[in-house]
Amino acid sequence: PSATSFTLPSSNVALRRHVTSVQTSSSATSPIRLSAESNDDEDADSKKIVVIGNGMVGQRFMENLLELTKDADTKCTLATFCEEPRAAYNRVKLTSYFETRDASDLTMTGPYEADGRTAWYEDNGVELYLNDKAVAIDTDSKTITGESGREIPYDVAVLATGSYPFVPPIPGRHRPGVFVYRTIEDLEAMLAYVKENNVQSAAVIGGGLLGLEAAKAVADMDVTSHIIEFAPILMCRQIDQGGHDALVGTIEELGLQVHCGARTESFVGSDGTTTDNAEESNAPISALRFSNEDWEDLPVQMVVVSCGIK
């Protein structure tokens with residue numbers, strides 16, 4: 001069905017799916033285009049383009065668009081919503097943050113200023129709304145609303161919302177000490193938790209490439225690091241048994257411990273409970289419990305979930 005106004009889901013990754021399903025007319029083959037007439041009739045040659053998401057893709061899109069339109073007759077002005085407290089950075093290099101603890105080493109547009117911005121945005125006339133997740137689009141009035149209440153008009157809306165970490169529905173995943181590995185803030189929160197809670201042992205759920213990076217990052221915090229993988233081998237989509245055997249040897253030489261074929265049943269709280277209800281128990285993580293026969297609980301004080309993205 002056609003629609004002119006809707007609210008974006010709380011998870012930004014669902015935003016793209018929601019818009020795609022809503023932005024269709026009664027004919028399934030005739031999409032409603034967001035790039036209609038300009039909001040400003042007096043300035044029809046200038047288009048306001050609002051990019052929802054200031055990640056790597058959103059940032060590159062803006063850079064390329066500015067380059068392609070610099071000599072064009074029709075000019076555009078750019079604005080972008082960014083849920084995080086700092087402008088776009090290279091998420092692929094996230095693990096290297098532990099080497100210097102300087103976010104500017106990951107930036108895509110130059111050194112960060114105190115407020116999380118870089119000079120690139122002002123230099124290029126781009127409006128940047130930090131700490132402000134887009135929550136609603138009104139295609140009738142052609143406005144986008146941020147979580148802050150800010151309402152921005154647009155001629156063209158571009159969704160570059162990326163993905164979010166997948167967390168399996170393991171009971172206890174709400175507990176203090178359970179983290180995902182996706183943003184600089186995630187890493188900062190882990191570092192603080194390790195220091196404040198004297199964490200000695202941690203588990204990383206997921207034996208893919210990012211999980212292995214996370215496990216090494218945990219080890220670099222002077223914490224015993226356990227890699228927990230459901231499949232019988234690590235990186236099961238990339239390597240075979242022989243590759244696994246060689247990889248495990250290298251990993252164990254670094255002091256990390258590998259547990260493959262592990263079926264994680266629950267995150268056990270320090271009060272011994274395995275509930276999935278935060279109201280019943282919000283005790284911090286103290287162990288992993290497995291459904292494997294004869295497997296004992298694995299004592300850990302922190303868990304990092306790295307099971308891919310959605």
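This is a predicted model: local features need pLDDT of at least 70, side-chain atom pairs count only at pLDDT 80 or more; totals for chains, interfaces and linings use all residues.
Me: Where does arginine 175 sit, and which residues is it in contact with?

Reply: Contact means heavy atoms within 4.5 Å. Arginine 175 is in the loop between strand 8 (156-159) and strand 9 (178-180); strands are DSSP runs of E, at least two residues, and helices are runs of H or I, at least four, both numbered from the N terminus. Leaving aside neighbours within four places in sequence, its contacts include Phe267, Asp271, Thr273 and Pro284.

Me: Is arginine 175 buried or exposed, and which side chain of opposite charge is nearest?

Reply: Side chains of opposite charge can pair when their charged atoms come close. A salt bridge needs a side-chain nitrogen of Lys or Arg within 4 Å of a carboxyl oxygen of Asp or Glu. For charge, Lys and Arg count as positive and Asp and Glu as negative, with His and the chain ends not counted. Arginine 175 is buried yet has no salt bridge, and the nearest opposite charge, aspartate 271, is 4.3 Å away. Buried means under 20% relative accessible area, exposed over 50%, and partly exposed in between (1.4 Å probe, protein chains only).

Me: How many salt bridges does the structure hold?

Reply: The structure holds 10. One of them pairs lysine 48 with glutamate 127, closest N and O atoms 3.8 Å apart. Lysine 48 lies in strand 2 (residues 46-52) and glutamate 127 in strand 4 (residues 126-129), so the pair ties together parts 79 residues apart in sequence. Lysine 48 is buried at 15%, while glutamate 127 is partly exposed at 34%.

Me: Which side chain meets glutamate 185 in a salt bridge?

Reply: That's arginine 86, at 2.5 Å, N to O. Glutamate 185 is in helix 5 (residues 184-197) and arginine 86 in the loop between strand 3 (75-81) and helix 3 (97-100), 99 residues apart. Arginine 86 is buried at 17%.

How values were computed
Residues are numbered from 1 along each chain as its sequence is written. Side-chain values use heavy atoms; hydrogens and water are left out.
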